[in-house]
Amino acid sequence: MTQPEPRPRAATAGVGAQPEEADRLRDMLRNPAYRKALVFCALIGIPVSLAAFWFLVALHQLEHLMWATLPEKLGMSTPPWWWPLVLLPVAGAVVALVVLRLPGAGGHVPAYGLHSGGATSKALPGVIIAAVASLPLGAALGPEAPLIALGGGLALLFRELTRAPATPQSTALLGAAGAAAAISAIFGNPLVGAVLLMEVAGVGGPQLFAVMLPALLSSGVGSLVFTGFGRWTGLETGSLSVKPSGPPPHLDLGDVGWTLLMAVVIGTLVHLVLAGGRLAAAFVAARPLAATVACALAAGACAALYTAVTGRTPVDVASSGQDTLEQLAADPHAWSVGALIAVLAFKSAAYALCLGSLRGGPIFPALFIGAATGVLLAPLPGLGVGPGLAGGMAAAAAAALRLPVSSVVLVVLLLGSSAMIPVVIIAAVVSFITTELLPPGPGIPAAGEPDRPAAVRTPQRQAP
């Protein structure tokens, strides 16, 4: 009896795939344990998303209480200049005690970027307390890092409650799934969470960036050339596209030229701010209690000085920047040149101090710094507010996160339009390359590395 000919398995592998890789993927999908893990991850997404929703609601309500309700009850229509000098030292004291006394040190030090791994169920109380102390009381940080730790920790907690078998593979899989479910809550889009966690996890390592950057940059330039050349000639080509209603803004060579320069400037600025954050983290590591309170007080002083100089609310500096970013994008002309310069200077300083001392995420303050820089440079001949805003946010996000694809996806979805995609891509790639070519400083890994050296991790349970 003749043996049946083996089925050509590589035929279904797809363009560029190796037969061994296709076989490995197929075997993994046929594995009952992996399919059970997929179902478990889908079920985990429900309670994790609910927990993330109420966590964000609680943060928002507490922030409104601290910065709106309490000043009104004291007879003040807006927070006075000295308000952050009261709240931020309290945040610093609570975070320092969490770092010293609770497992997990309240989560990752935000000066060293986002982490997808390392979440544990035992660290959840410290993560929640540190975030509740930092964010509503005026830390210039966002909620994304606590959300990642919250989602990953809850996923592992549910596994422990159900007594499911624990393996290194299942721990990594459940942690990433829980983190993605939680992070999608703040961005309002599951695509951002999935892409962000893929890049944060460092899937593919440096080789992924080496292949991805040329493809990303060429797609942006190609899109710009096609749209521009089509408008110049009046001819059309058949392409797959969805055209939104209303006339899109026209991009020209001036937008591209200024975007290149702006991306270098913003990438360098954010890189320096992050370096300042790592210096603050090293200062805090030596004497956690006193140094954390001192850094928080200095961040409050930045907000107080900003109000004294501009007459605007200290919330512009002492916050994540999410609400202020919406106001800036809605009415950029409401900000004078002096106010934009002041908010960039004081926000950057407060951002660096909070990165090294308190707990939160680096995304929203970086987006605001990029947007404010873009609006400040918008009057340059041939630029404009739209490209300046889009390119500034993309450049700042790529420099702060060192995740170019996630930065592009995030900014495009925030803008709600595809018209600025070429500018967003060019700004993100140029800013990313700029930050990679600059001296990295202590504690910063090469692109795509999943973790930081142990020497730069937060020391725990040190004497104050």
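Which helix does Ala-185 lie in? I looked it up in the model, which is predicted, and found Ala-185 in helix α6, residues 168-187.

**Entry: Ala-185**

I checked the accessibility of Ala-185 next. Its relative accessible area is 34%, and buried would need a value under 20% while exposed would need one over 50%, so I noted Ala-185 as partly exposed. I then looked for its contacts, leaving out residues up to four places away in sequence, and found Ala-52 and Leu-56. I also looked up Ser-49, which is 136 residues from Ala-185 along the chain. The C-alpha atoms of Ser-49 and Ala-185 are separated by 6.7 Å.

**Entry: the whole chain**

I stepped back to the chain as a whole. It has 16 helices and zero strands. Of its 464 residues, 49% are buried. I looked at contacts between residues at least 6 apart in sequence, and 78% of these join residues at least 24 apart.

I picked helix α3, residues 83-101, and counted 19 residues. From its first C-alpha to its last α3 reaches 28 Å, close to the expected 27 Å. Its buried residues include Trp-83, Leu-87, Val-95 and Val-99.

How do the axes of α3 and α10 cross, and within what distance do they come? I read a crossing of roughly 155° and an approach within 8 Å. Angles over 145 degrees count as roughly antiparallel, so I put α3 and α10 down as roughly antiparallel to each other. The crossing of α3 past α10 is right-handed.

I listed the residues that meet. On the α3 side they include Pro-84, Leu-88, Gly-92 and Ala-96; on the α10 side, Leu-289, Thr-292, Gly-300 and Ala-304 are among them. The residues of this contact divide into 16 nonpolar, three polar and no charged. Leu-88 and Gly-92, both named above, are also among the buried residues of α3.

**Entry: Thr-307**

I stayed with helix α10, residues 288-310, and looked up Thr-307 there.

**Entry: helix α12**

Last, I looked up helix α12, residues 337-357. It reaches 30 Å from first C-alpha to last, close to the 30 Å expected. I found 15 of its 21 residues buried, so α12 is largely enclosed by the rest of the structure.

Definitions and conventions. Residues are numbered from 1 along each chain as its sequence is written. This is a predicted model: local features need pLDDT of at least 70, side-chain atom pairs count only at pLDDT 80 or more; totals for chains, interfaces and linings use all residues. Side-chain values use heavy atoms; hydrogens and water are left out. Helices (H or I, at least four residues) and strands (E, at least two) are DSSP runs, numbered from the N terminus. The expected span of a helix is 1.5 Å times one less than its number of residues. Buried means under 20% relative accessible area, exposed over 50%, partly exposed in between (1.4 Å probe, protein chains only). Axes are lines fitted to C-alpha atoms, for helices over the stretch in contact, and angles run from 0 to 180 degrees between N-to-C directions. Angles under 35 degrees count as roughly parallel, over 145 as roughly antiparallel, 65 to 115 as roughly perpendicular and the rest as oblique. A crossing is left-handed if the near helix is turned anticlockwise from the far one by less than a right angle, and right-handed if clockwise. Contact means heavy atoms within 4.5 Å. Ala, Val, Leu, Ile, Met, Phe, Trp, Tyr, Cys and Pro count as nonpolar, Asp, Glu, Lys and Arg as charged, and the others, Gly among them, as polar.
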